[in-house]
Amino acid sequence: CHPGLLAAHGIGLWDCDLEDDALSWTDGVFDLFGLPRGAVLARNEIVALYAEPSRSAMERLRAYAIKHRRGFTLDAEIRPATGPSKWMRLIAAPVCVGRRVVRLHGIKQDVSALYD
């Protein structure tokens with residue numbers, strides 16, 4: 001599926017390299033977080049855009065996913081750089097080399113309409 005089509009529907013693809021926490025996003029994720037497409041990303045700055053308790057739930061699930069080589073799905077409240085708070089469905093899956101998780105990747109989708 002074309003990333004531009006996904007972005008038009010509030011959906012984006014993401015990837016996080018666990019060696020250095022480098023993030024890679026398609027346009028839909030930049031739009032969801034209210035950031036300019038192609039902006040330089042720092043994971044700690046992005047995590048700060050998650051509202052509590054969504055941030056702690058995401059970090060807990062992320063650690064479990066890495067330790068146990070499991071994916072997860074979480075509806076998380078975020079506070080985009082521009083605009084009001086919104087809800088995002090985060091779907092994450094591990095990428096393994098042997099038994100070691102080297103990356104997490106997945107989908108982020110605007111699900112705010114479900115929480116209105």
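Analyst: The 15 positive and 14 negative charges of the chain have mean positions 8 Å apart. Lys and Arg count as positive, Asp and Glu as negative; His and the chain ends are not counted. Each charge is placed at NZ of Lys, CZ of Arg, CG of Asp or CD of Glu.

This is a predicted model: local features need pLDDT of at least 70, side-chain atom pairs count only at pLDDT 80 or more, and totals for chains, interfaces and linings use all residues. Residues are numbered from 1 along each chain as its sequence is written, and side-chain values use heavy atoms, with hydrogens and water left out.

Arginine 43 lies in helix H3, residues 43-47. Helices (H or I, at least four residues) and strands (E, at least two) are DSSP runs, numbered from the N terminus. Arginine 43 is buried, at 14% relative accessible area. Buried means under 20%, exposed over 50%, partly exposed in between (1.4 Å probe, protein chains only). Leaving out residues up to four places away in sequence, Arginine 43 touches Cys16, Asp21, Leu23, Met58, Glu59 and Arg62. A contact means heavy atoms within 4.5 Å.

Next, the whole chain. Of its 116 residues, 40% are buried. Among contacts between residues at least 6 apart in sequence, 44% join residues at least 24 apart. The chain has four helices and five strands. Their order along the sequence is α-β-β-α-α-α-β-β-β. The C-alpha atoms fill a box of roughly 40 × 30 × 25 Å, taken along the principal axes.
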